[in-house]
Amino acid sequence: MSADPSVPGSMPAPARSVDGVDVFELGAEHEQVVFCNDAASGLKAIIAIHSTALGPALGGTRFYPYASTADAVRDVLNLSRGMSYKNALAGLDLGGGKAVIIGDPAKDKNETLLRAYGHFVQSLNGRYITACDVGTFSVDMDVVARECGYVTGRTVAHGGAGDSSVLTAYGTFQGMRASAEAVWGTPTLSGRTVGIAGVGKVGHHLVKHLVDDGARVVVTDVNPVAVEAMVKEYGATPVADSDALVRSEIDVYAPCAMGGALTDAVVDALTASIVCGAANNQLEHPGIEKALADRGILYAPDFCVNSGGVIQVADELEGFSFERAEQRASRIFETTQAVFALAKADSVTPAEAADRLAERRMRDVGRLRGVYLPG
């Protein structure tokens with residue numbers, strides 16, 4: 001077929017799919033998906049804006065060596081949708097978005113690539129505000145900000161909030177306290193055994209909160225150095241891998257690494273009474289939350305309890321105050337209580353209850369705003 005634009009019908013149909021993945025089908029709820037390509041720097045990135053009903057879309061940038069572009073598309077769509085629900089449930093006047101950069105951050109990350117990425121974020125003129133995620137750090141956001149005005153999670157030296165994992169862990173701990181109250185009648189983990197899968201940026205802060213609260217902590221991580229640090233600093237008990245962890249005698253299971261940690265096999269093997277962790281998109285597929293409930297395991301929805309980080313970086317938009325952000329993150333305790341109360345009242349799982357609360361706020365407040373338009 002001719003590609004002469006002057007000939008009617010000569011242009012090929014616009015691509016709808018990536019590696020067999022129909023972007024319009026998978027992203028049917030999304031407002032916008034942007035593919036960013038800069039051959040000179042090697043940048044291949046995808047920015048997904050799920051909803052701006054509550055305000056500009058805020059979400060981190062994940063730098064990860066995806067096996068395929070299709071895998072990256074699926075991840076960014078799932079993550080951006082999760083950010084809409086997380087920001088809504090956290091009470092923020094922000095919508096949900098996410099970005100992924102395809103590559104190995106240890107090999108591919110450099111100033112030129114990050115600044116090229118900043119250009120693409122800037123081109124959206126404030127509809128998307130970025131921050132850190134897996135594979136990116138505050139110093140990276142400082143580089144992105146040299147080309148872009150819509151960046152949070154920057155270093156303290158540049159007026160930012162610094163490491164957002166601090167309040168992510170703190171908020172997860174507050175959610176875990178609310179879970180303990182729901183199961184055992186008191187909001188403490190003292191005397192309980194908590195198994196943490198992933199003791200990286202967030203997990204190691206969570207270990208400290210739990211040890212300070214009197215809990216015994218069992219840990220695993222793909223990085224043996226991270227595990228060794230927890231053993232030396234806090235007396236944590238190491239296990240070989242996540243499979244061994246879920247089969248251990250633990251009271252709480254805390255997935256704090258990558259998503260999809262809660263599989264059918266994991267649910268079948270779990271000894272814990274509570275699942276409450278900082279990882280995003282923990283449920284491998286719809287129905288896992290029901291399987292947990294059928295086994296009598298209380299699930300604290302991930303986007304409810306891990307919102308401390310986004311609360312922290314969102315505070316930068318007002319001129320960062322750690323004390324104010326920490327106070328806001330402490331409310332995750334009450335939010336988690338509200339999720340459990342609605343779940344009980346409506347006879348639904350906590351995951352469905354959390355969705356309902358977030359959707360109610362997006363609907364009720366969002367109808368006053370419509371689609372966010374910069375300026």
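Start at Ile196. Its bridge partner in strand E9 is Val219. One thing before I go on: this is a predicted model. Five bridges join E8 to E9, residues 216–220, and the two strands run parallel.

Now, how many of the five residues of E8 are buried? Five of the five, across residues 193–197. So E8 is largely enclosed by the rest of the structure. Look at the directions of the side chains. In a regular strand the side chains alternate between the two faces of the sheet. In E8, Thr193, Gly195 and Ala197 point one way. Val194 and Ile196 point the other way. Both sets are buried.

Zoom out to the whole sheet. Strands of a sheet pair through backbone hydrogen bonds, either parallel or antiparallel. Which order do the six strands take here? The order is E10-E9-E8-E11-E12-E13, in an open sheet with parallel pairing. E10, residues 237–238, and E13, residues 298–299, stand at the edges. Each has a single partner strand, so one side of each is left without a neighbour in the sheet.

Further along the order, take E11 and E12. E11 covers residues 252–255 and E12 covers 274–275. Two bridges join them, and they run parallel. Val252 stands opposite Ile274 in E12.

Next, helix H4. H4 has 13 residues, 111–123. At 1.5 Å a residue, H4 should span 18 Å. Its end C-alpha atoms are 19 Å apart, which agrees. At the start of H4, a side-chain oxygen of Asn110 comes to within 3.1 Å of the backbone nitrogen of Thr112. After H4 comes Asn125, where phi is positive, near 55°.

Which residues of H4 are buried? They are Leu113, Leu114, Ala116, Tyr117, Gly118 and Val121. Keep the helical repeat in mind for that list. An α-helix has 3.6 residues a turn, so residues three or four places apart point the same way.

On to empty space. Rolling a probe the size of a water molecule over the atoms shows where empty space is left.

The largest pocket holds about 1,100 Å³ of space. Its lining has 49 residues. Nearest its centre are Val134, Lys201, Val202, Cys256 and Ala257. Strand E5 (57–64), helix H2, strand E7 (128–132), helix H6 (165–184) and helix H13 (308–314) each supply at least two lining residues. E5 has the largest share, five residues. By class, that lining divides into 22 nonpolar, 19 polar and eight charged.

The second largest pocket has about 900 Å³. It is lined by 31 residues. Asn78, Asn281, Gln282, Leu283 and Glu284 lie nearest its centre. E5, H2, H12 and H16 each give at least two residues to this lining. Which of the elements gives the most? H2, with eight residues. The classes here are 12 nonpolar, nine polar and 10 charged.

Last, two single residues. Val143 lies in helix H5, residues 138–144. Buried or exposed? At 18% relative accessibility, under the 20% cut-off, Val143 counts as buried. Val143 and Leu270 are 127 residues apart along the chain, and their C-alpha atoms are separated by 42 Å.

Arg367 sits in the segment after helix H16, which covers 350–366. Arg367 is exposed, with a relative accessible area of 65%. From Arg367 to Gly214 is 153 residues in sequence. In space, C-alpha to C-alpha, they are 45 Å apart.

That's it from me. Over to you.

Technical notes: Residues numbered from 1 in each chain as written. Predicted model: local features only at pLDDT ≥ 70, side-chain atom pairs only at ≥ 80, totals over all residues. Heavy atoms only, no water. Helix = DSSP H or I, 4+ residues; strand = E, 2+ residues; numbered from the N terminus. Expected span 1.5 Å × (residues − 1). Buried < 20%, exposed > 50% of the residue type's maximum accessible area, 1.4 Å probe, protein only. Polar contact = N/O pair within 3.5 Å; in protein donor to acceptor, adjacent residues only side chain to side chain. Pairing = 2+ DSSP bridges. 1 Å grid on protein atoms, 1.4 Å probe; cavity = no way out; pocket = protein on both sides within 12 Å on 5 of 7 lines; lining within 4 Å. Points joined across faces, edges and corners; volume = space filled by probe spheres on them. Nonpolar A, V, L, I, M, F, W, Y, C, P; charged D, E, K, R; others polar.
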